[in-house]
Amino acid sequence: MAATLARHHDTPPFADHKDLHNVIDATQLGDVPWQCFLAQYSGERPEVVPPWMDDEFEVWFRDPRAMAHNILANPAYKDEIDYVPFREYDASDDTRRWKDFMSGDWAWQQAYCLGYRSYSVKDTISEIPETHGSSLVPIILGSDKTTVSVGTGNNEYYPLYASIGNVRNNVRRAHHDALVIIGFLAIPKTDKKHAKDDVFRIFRCQLFHSSLSTILSSLKPVMTTYEVVRCGDGHFRRVIYSLGPYIADYEEQLVLSCVVKHWCPKCIAVRTDLDSGGIYRRREHTDFLIDELHADILWDEYGLIGDLPFTNDFPRADIHELLSFDLLHQLIKGAFKDHLVDWVAKYLKAVHGTKWSEEIMSDIDRRVAAVASFSGLRRFPQGRDFKQWTGDDSKALMKVFLPAIEGHVPQDMVPAFRALLEFCYLVRRNVVTEDTLNQIQDALHHFHQYRKIFDVVVPTFSLPRQHSMTHYSDMIRLFGAPNGLCSSITESKHIKAVKEPWQWSSRHNALGQMLVTNQRLDKLAASRVDFDARGMLTGTILSSALAALERKRAQTVAALAHEVAVPDLRRLIRHFLFSQLNPDDARNPEDIPATSLPRHPGKLCVFNSAAATFYAPSDPSGIGGMRREHIRACPLWRNEYPRNDCIFINTGSDAEGMRGLEVARVICFFSFNHNWEMVAPSFHKDGLKNIAVIHIETIFRAAHLIPIYGSEYIPHTLKFYHSLDTFHSFYVNKYADHHAFEIAF
């Protein structure tokens, strides 16, 4: 770059990093300044005052109303936003469908009708003169404590995020700027002597709720009187705000709803038998109980702490109703990892004893470690026995654990895992239909039926995280498909908004630096959108550089045949060309005389990978829901071992699921003057390898295979990159990702 500038007698756009930062700081696009307020205990003081009563706690925040304005005005979302609630039906059978947030009943009830709430007619947006004709803008919130460093002290932060319900699920899931950080809440701490004091507990709860009320206070006037805002499509609209769903894990939901631990924050089911059912909690009912009953009765019989949540300060807001799904913590990390996986180890120990159970668990670990690589799938080189688990670790284990335990556990234990996995993948669908809701209920019924096998090691199944599964169908009807409100969205935001800014800081008074970093990142994101709208970001200077980095591979058929150990490759290519040039000829190319087959000059280009792009909005994807994955056929992957991925091949059949697909393993990708081609091996029933050349357009996407291990122990020396060559029968892993779940049935 310096040489280019010198050649043209030019100067760099920025003198140094300080100059760059000054330019960003002066940018007005996306600028929402940080504000701060202090909070301190103001109640009665004992003779010996605990230190925390004298402490002042800082709460930093940005105006959520201004942040909502920025999201609404973002031109990148102009085609991915719904300004009015709607109900969607399948035209073929008139059944209901739920997808984005505004397709749910909650938004419909807020805007148009009474629903089942006890609000008066004057509480509905369509009937109030000050709000009639306004677009509803639900404010979606999420918060969760996160630790940025375990080894260098207690570096813990409490970020608060916000989005609007109008943007579609695929936008919010794409981790763009439709979810923004609007605050850092205070984390009161004290010494062990006072940590369990009731006064400190009450103060901590009240500080949390009062902080949320203060941060959101700018929204309160425009919850009853409309304001006019500019939207991304260039139009101006009247909008009215409402507090929408709150994304939080179970511990956070207890704090938000002021409910006692081990109780359900959404219903009043008895904590000792949660799945027996109970009516839903309601704001009016909770307020009545707090006014009429003693604190001990509230705690013991209703699971209520006795404090009022922050939502009581805002119209049309009920925290019990607004608590959202939590697929990550409730189902994946909770019901699967912390419950079922741990129960397997306890069951094996109870049945086989400590020594033999450890042998079995060690083989299960080896099976997990032996799973072949797959795009986007985290590997476990030492199995699942390590201490620091993340949400991504639990997700990855869930995709490969079921085949690993088969043969080592009773047969009825496998359906328990399968039912839970079916439930998790069904509720994660991008579009949920009435038929899907029936399948969800069936999976839940089967899970409750088969989990009873663990009763020898589990004293009770009255577990809040598993109990939450009973509410999913109702919440889908209220809020649409759960994949737009999953806590994995806020977990991913932790990286960009908290962890990376902390890593970039000097560690001294890190929060102040993190605030500036987030503000600069928002300005850069807003500037990029503006530059893109002006056509300033088209084209690239990297194409020639990337082409120069292509790894050298065989350039002739003879060289490639030797490289991949397929001596009759030239004949296979001629068979392929005959099939492509004569699509209506029913003869087998094997029966055609060699003199009648098309000839190939012998020159070709070999590629180490190919990219498959497909619509998979329930998996990590772009703003339009499109997912791109690379299929590898590389002779030396990471300078260690060859990697040859598996694929789904579209057979052209109209049959659904696996009946219209075949599974193959890629030997290599190559192209000549027709188009990209591929060599894929498969096996006949007699075990002989069959090799053929097929067209690249027949590849649907990558496939993941897991060996059928049976009841035999696998060798300690088996490496994961040998598993596809060592075993002869495999499961097609329908749980590899959510798109695979939709096609592999």
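Q: Where is aspartate 55 placed, and what makes aspartate 55 count as partly exposed?
A: Aspartate 55 lies in the loop between β1 (35-39) and β2 (57-61), strands being DSSP runs of E with at least two residues and helices runs of H or I with at least four, numbered from the N terminus. This is a predicted model, in which local features need pLDDT of at least 70 and side-chain atom pairs count only at pLDDT 80 or more, while totals for chains, interfaces and linings use all residues. Residues are numbered from 1 along each chain as its sequence is written, and side-chain values use heavy atoms, with hydrogens and water left out. Buried means under 20% relative accessible area, exposed over 50% and partly exposed in between (1.4 Å probe, protein chains only), and because aspartate 55 has 32% relative accessibility, it counts as partly exposed.

Q: Which residues does aspartate 55 touch, not counting residues up to four places away in sequence?
A: With contact taken as heavy atoms within 4.5 Å, aspartate 55 touches Ala39 and Gln40.

Q: Why is helix α14 called largely enclosed?
A: Of the 15 residues of α14, 14 are buried, so the helix is largely enclosed by the rest of the structure.

Q: Which residues have the most contacts inside the largest nonpolar core?
A: In this core of 154 residues they are Tyr241, Phe310, Phe417 and Phe454, a nonpolar core being a set of buried Ala, Val, Leu, Ile, Met, Phe, Trp, Tyr and Cys residues joined through side-chain atoms within 4.5 Å.
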